[in-house]
Amino acid sequence: MFGRKKIKVRLAPSPTGYMHVGTAQSALYNWLFAKKNGGEFLFRIEDTDIERSTKEYEQSILEALEWLELKWDGEVVHQSKRRIHYRRALEKLITNKKAFWCNHTKEELEAERKEEEENKQPPRHICSCKSSSAFGRHYPASNPGQNFILRLAVNEQKITFNDVIRGPIEFEASLLGDFSIAKSLDEPLYNFAVVVDDAEMGITHAIRGEDHISNTPKQILIYEALGLPLPIFAHLPLILAPDRSKLSKRHGGMAVADYKKDYLPEALINFLGGLSYTFSKEIISREEMVKEFDLTKVHKSGAVFDVKKLNWLNSQYIKKLPPKEFKNLTNLNISDAAAALITERLERLMDAQEFSYLWSEPQYGKELLKWKNSGFEQVKASLSRSLEVLKAAEMSREAILAGLEKLSVELGNKGLVFWPLRVALSGKEKSPDPIDIALALGKQETIKRIEKAISLL
RNA sequence: GGCGCCAUCGUCUAACGGUUAGGACAUAUGCUUCUCAAGCAUAGAAUCGGAGUUCGAUUCUCCGUGGCGCUGCCA
C-alpha cells in the first residue's frame with residue numbers, strides 16, 4: 001500500500017439512543033474495510049445536540065461495540081470537546097465570505113417553505129442577507145429579539161461524486177439553497193461538524209448509511225468552502241423492517257443490547273455481514289470476512305432483517321459452543337452432557353430455560369406418562385422394569401441402550417418403554433432421548449425420578 | 001410537492017449478453033425415530049411493466065410503475 005495515504009474510516013453515531021443493528025452493520029463494514037486494507041477504524045461520538053445526547057446512551061453504544069468485538073483504534077473523539085475547531089473553521093468561512101449571518105425568523109422560513117411546496121418548487125432558502133451589507137461581518141448585529149444563524153453561501157453548480165458502492169451521483173447545488181451550518185460560532189450543525197472532524201481526523205473513506213446520500217452534496221460544498229480535500233464516499237444500503245421501511249424503534253428489537261441475552265456476537269456479526277454482502281459461504285468467521293471483503297461489492301438495495309435466518313445462524317454457532325462456554329454464558333450449573341443436550345437444539349440462549357428439568361425436578365401430570373393407549377398398570381410395570389435396568393447398568397450409552405432394547409423386545413413395545421421413561425425424567429412431551437437425559441442427570445437423580453413417577457401411578 | 005437511491009422465489013441473494021434462472025433461510029413432505037432437535041432427501045416458490053439495442057436480454061439504454069430515504073436553527 002505504499003505511495004498512498006493510510007486508510008482511515010470511522011463510525012460516528014450520535015448518543016441519542018441505543019445502538020441499533022443498522023449502526024452495527026455500518027460498524028462492521030467500516031471495520032472490515034479497515035482491517036482488509038491495513039487501515040484504522042476510528043470512533044467518534046456526535047454529541048453536538050446536548051438536548052438529546054446522554055452519557056448513558058454513549059456508554060451503551062460503547063458496550064455494544066465491545067460485545068461485538070469491533071475494536072476501534074485510538075481514543076474516542078467527542079464532538080462536544082471540539083468546539084474551538086468548529087469556531088475557527090466558521091470564522092474562516094465568514095472571513096472568506098463563504099458563510100454569513102441570517103436573521104430570518106422560523107416563521108418566515110416556514111411560510112417560504114409552504115409557498116414553495118404549493119408552487120411545486122424545491123424547498124430551499126436563498127437568503128437575502130447574502131447580498132446585504134452585513135455580509136462578511138464576523139458577528140451578528142446585537143439586536144435583541146433577533147435570532148441569527150450561520151448559512152453557507154451556495155452558488156449554482158453541479159455537484160458530482162463517485163460513490164464506491166453506487167457509482168456517480170449528481171446533484172444541483174442551487175436546489176439546496178443557502179443551507180444552515182451553525183446556530184452560532186459555538187453551535188455547529190451536523191453537516192458542518194462532520195466535515196471539520198472527518199477532515200481533521202484524516203478520514204479517507206466516509207462509509208455510512210444510504211440515508212446520508214442527501215447530506216453528501218452539502219458536505220462537499222463545505223469541504224470546498226473550507227478548501228479541504230474530499231474523502232471517498234461509500235453509501236451502505238439500509239436494513240429494512242419486514243414491511244420494507246427503515247428499521248426503527250417502532251419495530252422493536254433494534255437495539256443491539258437486546259440481542260446480547262439470546263445471541264452470540266459471532267452469529268450477529270455473521271448475519272449482519274451476509275445481509276448486504278455475498279461471501280463465499282453462508283457461515284463465515286470475521287477473519288474470513290476480512291480476507292474476502294471488497295467495498296465495491298457491497299449490495300445497493302436495502303435488505304430486510306430476517307430474524308429466522310439470524311436464529312438459524314445463531315443455532316449453528318451455539319451448536320459449536322464448548323459446554324464450558326455455554327455454561328458461562330447462561331450461568332447454568334449443569335454437567336457437560338446436559339449442556340451438550342441443550343446446545344444441540346437451541347436457537348436462542350434464553351430458550352435454555354425450557355430445559356430446566358436438567359437442573360431441577362420436573363412437574364407433570366401422570367396422564368403424560370401414558371404411552372398411546374396403554375394403561376397406567378402397563379406403564380407402571382414398564383417403569384419398574386426400566387428402573388431395574390438403570391439400577392443395574394453402568395452409566396454409559398451402550399449399556400443403558402442394550403438394557404432398554406432388551407426390555408423393549410420383552411414387552412414387545414418400544415414406545416411403552418421409552419416414552420414413560422422419558423417423561424419420568426423430563427416431565428415433557430417433547431425432549432431429548434431418555435438415555436441422554438439419564439446420562440446428563442447421573443444415576444442417582446435418574447433413579448430418584450423414576451421412583452417418583454412410579455409412586456404417582 | 002422537490003431531490004436522490006433502489007428493483008430476481010415469502011426473505012437474503014447467484015448468474016463474462018447465451019444456465020432446465022443456482023444456493024441459503026423459511027415452508028411442506030419423506031427418511032430416521034418413544035417424542036423433539038439435529039442430519040439427510042424431495043417439493044413448491046422469482047427476473048415489476050413497456051419500448052429500444054442485439055442473432056439472443058435477469059444482465060445494456062430510455063420511459064413508466066412501485067418501494068424507500070432525505071427534504072430542521074436534529075443527527
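**Close-up views of the predicted model**

**View 1. β8 and β9 run antiparallel and are joined by two bridges.** Strands pair here if DSSP finds at least two bridges between them. Helices (H or I, at least four residues) and strands (E, at least two) are DSSP runs, numbered from the N terminus. This is a predicted model, in which local features need pLDDT of at least 70 and side-chain atom pairs count only at pLDDT 80 or more, while totals for chains, interfaces and linings use all residues. Residues are numbered from 1 along each chain as its sequence is written, and chains are lettered from A and ligands numbered from 1 in the order in which they are written. Look for Ala182, whose bridge partner in β9 is Pro188.

**View 2. Four strands make an open antiparallel sheet, in the order β4-β5-β8-β9.** β4 (99-102) and β9 (187-188) each have a single partner strand, so one side of each has no neighbour in the sheet. Helix α3 (residues 83-95) packs on this sheet and touches β4, β5 (149-152), β8 and β9; contact means that C-beta atoms, placed from the backbone, lie within 7 Å. The direction of α3 makes about 95 degrees with that of β4. For such angles, axes are lines fitted to C-alpha atoms (for helices, over the stretch in contact), and values run from 0 to 180 degrees between N-to-C directions.

**View 3. Another open sheet has three strands, ordered β1-β2-β3, with parallel pairing.** Its edge strands, β1 (8-11) and β3 (77-78), each pair on one side only. Two bridges hold the parallel pairing of β2 (residues 40-45) with β3, and Arg44 sits opposite Val77 of β3. Helix α1 (residues 21-36) lies across β1 and β2, at about 165 degrees to β1.

View 4. The largest share, five residues, comes from α15. By class, there are 19 nonpolar, 16 polar and 25 charged residues. Here Ala, Val, Leu, Ile, Met, Phe, Trp, Tyr, Cys and Pro count as nonpolar, Asp, Glu, Lys and Arg as charged, and the others, Gly among them, as polar.

**View 5. Chain A as a whole has 17 helices and 13 strands.** Its C-alpha trace spans about 105 × 50 × 40 Å along the principal axes. The chain averages a pLDDT (the predictor's confidence in each residue, from 0 to 100) of 93, and 95% of the residues score at least 70. The model scores ipTM 0.95 and pTM 0.94.

Note on methods
Contact = placed C-beta atoms within 7 Å.
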